Amino acid sequence: MTNYGPEEFEGVPMQRSGDLAAVPDAFQRLWTPHRMVYIENGQDPSEHACPFCRAPEFDDETSFIVARGEHAYVLLNLYPYNSGHLLVCPYRHIATYDEASPAEVAEIGEMTQIAMRVLKQVSHCDGFNIGMNQGRIAGAGISEHLHQHIVPRWALDSNFFPIIAKTKAIPRLLGDVRREVAEGWPG
């Protein structure tokens, strides 16, 4: 009894389920099942549920990792501001830059420089926004695990979508961008 006819079910008139499939309503739905990690674990998950601690446990393609170092790694942001938006994360679960060891600071800096060179090569960007949001009050989405943003920018990357529609158009799929950046990464 999966497709109800016009008959009644316990005194309630039923409609065919097919009649409801494309009925428009006032909602614009944006399906984001990948955000369940934040819903289930909160924005500051424990070290065991932290996406930046868990990502290196999986293969690079699954985790969108483009490069691994000894103390840090680089991966694509799942919620990019622009195509090619990268994050440089230490493997250690530390919250702020002042907790990073000298070796972690050096490798985060080196990986940031390499990421910039690779993004220039593969995406022909014109500039970058680079930064770290330290703490929830400063805007960190996951404030318990240090990560640096590298956002490529193009001369003509601004349009009306973010301003008027509160929507960001991302023209490239994460998997395609990950492959290009990983292939462009030296060594």
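Residues 1-6 of this predicted model have a pLDDT that stays under 50. Where pLDDT is low, predicted coordinates should not be read in detail. Across the chain, the average pLDDT is 81, and 68% of the residues score at least 70. Confidence is lowest in strand β1 (residues 8-9), where the mean is 52, and highest in strand β3 (residues 65-68), where it reaches 98.

The secondary structure consists of six helices and seven strands. From the N terminus, the elements follow the order β-β-α-α-α-β-β-β-α-β-β-α-α. Of the 187 residues in the chain, 33% count as buried. Among contacts between residues at least 6 apart in sequence, 57% join residues that are at least 24 apart.

Five salt bridges are present in the structure. One of them joins Glu 183 to Arg 179, with 4.0 Å between the closest N and O atoms. Glu 183 is exposed, at 60% relative accessibility, whereas Arg 179 is partly exposed, with a relative accessible area of 37%. A further salt bridge links Arg 172 and Glu 180, whose closest N and O atoms are 3.0 Å apart. Arg 172 is partly exposed, with a relative accessible area of 32%, and Glu 180 is also partly exposed, at 23%. Another pair is formed by Arg 54 and Glu 57, with a distance of 3.3 Å between the closest N and O atoms. Here Arg 54 is partly exposed, at a relative accessible area of 33%, while Glu 57 is exposed, at 56% relative accessibility.

His 147 is located in the loop between β6 (127-131) and β7 (148-153). With a relative accessibility of 7%, His 147 counts as buried. A polar atom of the His 147 side chain lies 2.8 Å from the backbone oxygen of His 145. Leaving aside residues up to four places away in sequence, His 147 touches Phe 52, Leu 87, Val 88, Cys 89, Gly 131, Met 132 and Ile 142.

The count of disulfides is zero. A disulfide is a covalent bond between the sulfur atoms of two cysteines. For Cys 53, the closest cysteine sulfur is that of Cys 50, at 4.0 Å. This distance is too far for a bond, because a disulfide requires the two sulfur atoms to be within 2.5 Å. Cys 53 is buried, with a relative accessible area of 14%. Cys 125 is likewise buried, and its relative accessible area is 10%.

Backbone geometry was examined at two loop positions. Most residues other than glycine have a negative phi. Phe 64, which is not a glycine, has a positive phi of about 60 degrees. Phe 64 is placed in the loop between α3 and β3. His 124 also has a positive phi, near 55 degrees, in a residue other than glycine. The loop that contains His 124 runs between α4 and β6. His 124 is exposed, with a relative accessible area of 59%.

Key: Residues numbered from 1 in each chain as written. Predicted model: local features only at pLDDT ≥ 70, side-chain atom pairs only at ≥ 80, totals over all residues. Heavy atoms only, no water. pLDDT = per-residue confidence, 0-100. Helix = DSSP H or I, 4+ residues; strand = E, 2+ residues; numbered from the N terminus. Contact = heavy atoms within 4.5 Å. Salt bridge = Lys/Arg side-chain N within 4 Å of Asp/Glu carboxyl O. Buried < 20%, exposed > 50% of the residue type's maximum accessible area, 1.4 Å probe, protein only. Polar contact = N/O pair within 3.5 Å; in protein donor to acceptor, adjacent residues only side chain to side chain.
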